[in-house]
Amino acid sequence: MGLSFQILGPVRVLRDGRPLRLPAGRPTALLVTLLLHAGVAVPVERLRQELWGGQAPASAVANLRSHASQLRHLLTGPGEPVRLYAEGGGYRLRVAPGELDATEFERLVTEGQAARARGEPAVAANLLERALALWSETEPPPAYGAVTAAAFDRLRERRAGAREAYAACRLELGDPGSPALLALLRAHLTEYPLREPAWALLMTAQCRAGDQAAAVQTYRSACRALAGELGVSPGPELAELYRSVRRHDPRRLPAGNRARPRARGRPTGPGPAPVPHELPCATAPFVGRRAELARLGAALAGAGERPVTVSVYGMAGTGKSALALRAAAAALDAFPDGQLHLDLGGSVADAPLPPIQVANRVLRSLCPTCRPEPPSLAEARARIRSLLFNRRVLLVLDNAADAAQVDGLLPVRGGCALLVTSRTPVLDGADRPLRLDPLPPADGLALLRAAAGNRRVDEEPEAAGAVVALCEGLPLALRTVARRLAEGPHWSLGRLARLLRDERYRLAETGLRPRLTASYRRLGSAAPLFRRLGRARPGPVTAELAAALTGQPPEDAARALDRLVAAQLAEPAGPGRFRIGDLVRLYAAELAAAEQPEPRPGTERPGPDDGRAGPTVPGQRRAIGPGS
């Protein structure tokens with residue numbers, strides 16, 4: 001039998017079915033962390049952060065070596081190859097297929113959801129029941145570190161979706177609202193009171209049991225939970241189910257949860273295409289954004305009889321992509337027919353995908369066997385709408401440059417959702433696009449802690465605050481400058497702050513230049529004003545100042561400022577006043593420095609090479625800078 005590892009409850013390791021005696025405390029926490037990253041070398045610094053956080057003693061690395069040695073001897077039987085070994089400045093644990101309960105759980109859930117999508121509820125119910133049985137009634141012990149805690153949160157979220165899919169399969173197979181199913185759903189909602197699909201399943205089971213009064217009471221409980229926590233009303237699907245109950249004509253299942261039945265009496269062909277699951281695993285630290293995540297979650301939950309479109313926009317580096325992926329992962333189980341992810345290239349100059357390429361890429365994900373590709377954009381979008389009709393698919397289209405890339409993809413009916421990120425709102429039909437601003441100072445500091453470590457922040461709190469301020473609370477900038485600390489353990493936060501204070505180096509260190517170039521390329525006739533602002537003294541910008549810098553009439557200068565605001569290179573700061581952030585101003589100054597010779601006011605026209613590679617100035621290179 002060999003080894004088996006159990007972490008979906010009390011941590012246990014069994015050899016040939018017999019439990020091994022695990023050392024308590026941090027050695028077991030180290031084992032769990034390595035199991036969650038099985039087959040991958042986990043750096044020593046990350047392990048130190050996971051096991052001790054900001055309270056790591058000077059002996060932490062030596063203690064890690066000791067804990068790893070304990071585990072190595074425990075897990076390696078006579079004549080067996082070593083399971084745990086040092087690699088690439090960290091430790092890697094070898095785990096064979098079928099040995100870790102968490103991996104088996106993920107496999108069974110994926111196969112169960114695929115079987116349900118194929119219209120095989122009996123097969124799906126068996127697989128999902130086996131997956132849920134791997135969880136102990138006792139919850140796993142509290143995680144030492146943030147990464148481990150996030151991994152268990154994701155597993156719990158996956159378990160929640162598996163429970164709902166299992167309950168739906170039971171109902172599809174004719175469960176009459178049995179006590180076991182009702183107990184399962186009630187316990188599930190006690191743990192997850194904001195999951196609308198679960199409320200709908202409980203109402204359906206109660207109606208099956210002939211208890212319409214209980215179903216009405218369940219709907220009212222759902223209303224109280226959603227209003228109390230999120231300030232929203234139930235979505236259209238749950239509301240329609242409630243109306244059906246009041247008419248004493250309840251549906252057997254909410255429309256979005258019914259499996260598509262197989263056709264009988266005729267060949268089924270080679271079977272449906274595999275369900276796409278394209279969302280990437282988030283690896284970068286993520287902090288804050290609770291209100292934004294709640295709003296996106298509520299919007300995605302509204303996908304019912306008609307598709308929904310959700311739009312997130314903001315200036316370069318605010319973390320739009322990270323927020324969208326986090327929200328999509330939280331809503332994963334609401335879209336059992338697939339989740340698509342595509343970077344449309346709008347965050348980098350000269351990289352946006354043409355609309356026909358976007359449509360064909362989406363089409364290949366939905367139907368890998370559909371050949372040949374449609375000859376026109378209109379036909380490609382029509383095929384996509386046909387494939388999405390009456391299905392629950394989530395499309396995450398990241399970094400859109402304009403509306404042409406994402407128009408015309410959703411059908412007229414079905415529970416699909418389109419989540420788009422962009423610099424500016426690209427969809428007029430999106431319901432109240434969400435503008436994402438930089439992180440507030442406290443969250444910026446939390447992100448720096450997650451990326452650079454608690455110890456460094458605690459040792460130099462003033463320098464840490466300065467780094468957050470100099471990065472203007474932009475998650476991309478904070479993660480980029482934190483890499484400087486990871487690459488050079490001898491670097492201090494004070495030295496990093498000194499480097500960022502020097503305007504010759506700040507922009508290069510933050511990694512924002514390519515993304516600002518993409519915004520600059522869209523300015524058109526407003527590009528000369530932007531470059532001239534790089535020569536102006538820092539401070540509020542008015543139409544009068546813009547007119548004086550460019551020689552344009554005040555109205556033309558005001559329209560140019562509007563274009564800067566639309567490109568997220570400036571923001572309103574009161575009536576007739578605009579603000580340009582320091583990092584954006586430094587980029588404008590680079591462009592201005594590259595202009596030779598100086599044109600006369602009113603005669604300049606943006607040329608084809610404006611900002612193509614950025615000027616050759618000291619900040620262009622990744623210099624070591626002050627304090628080296």
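Begin by selecting Y520, F530 and Y587, which ring pairs link into a cluster; keep in mind throughout the tour that this is a predicted model.

Stay with F530 and show its neighbours: leaving aside residues up to four places away in sequence, F530 touches Y520, L523, L564, L569, V584, Y587, A588 and L591. Now colour the largest nonpolar core, which has 56 residues, and in which V467, L493, L496, L523 and F530 touch the most other members. The greatest contribution to this core comes from helix α17 (residues 461–470), which gives 6 residues. Moving away from there, look for a second, separate core of 45 residues, whose members include L31, V32, V109 and A131.

Next, turn to the aromatic pairs, of which there are 5. Select F105 and W135, which form an edge-to-face pair with 5.7 Å between the centres and 85° between the planes. Because F105 lies in helix α4 (residues 101–117) and W135 in the loop between α5 (121–133) and α6 (146–172), this pair ties together parts that are 30 residues apart in sequence. F105 is buried, at 0% relative accessibility, and W135 also counts as buried, at 9%.

Then return to F530 and Y587, a tilted pair at 6.1 Å centre to centre with 45° between the planes. Since F530 belongs to helix α22 (residues 527–533) and Y587 to helix α25 (residues 582–593), the pair ties together parts that are 57 residues apart in sequence.

Finish with two charges over rings: select R392, whose charged end sits over the ring of F335 at 5.8 Å from its centre, and then R495, which lies over the face of W491, 3.9 Å from the ring centre.

Conventions:
Residues numbered from 1 in each chain as written. Predicted model: local features only at pLDDT ≥ 70, side-chain atom pairs only at ≥ 80, totals over all residues. Heavy atoms only, no water. Core = buried A, V, L, I, M, F, W, Y, C linked by side-chain atoms within 4.5 Å. Buried < 20%, exposed > 50% of the residue type's maximum accessible area, 1.4 Å probe, protein only. Helix = DSSP H or I, 4+ residues; strand = E, 2+ residues; numbered from the N terminus. Contact = heavy atoms within 4.5 Å. Phe/Tyr/Trp six-rings, centres within 6.5 Å; stacked < 30°, edge-to-face > 60°. Lys NZ or Arg CZ within 6 Å of the ring centre and 35° of its normal.
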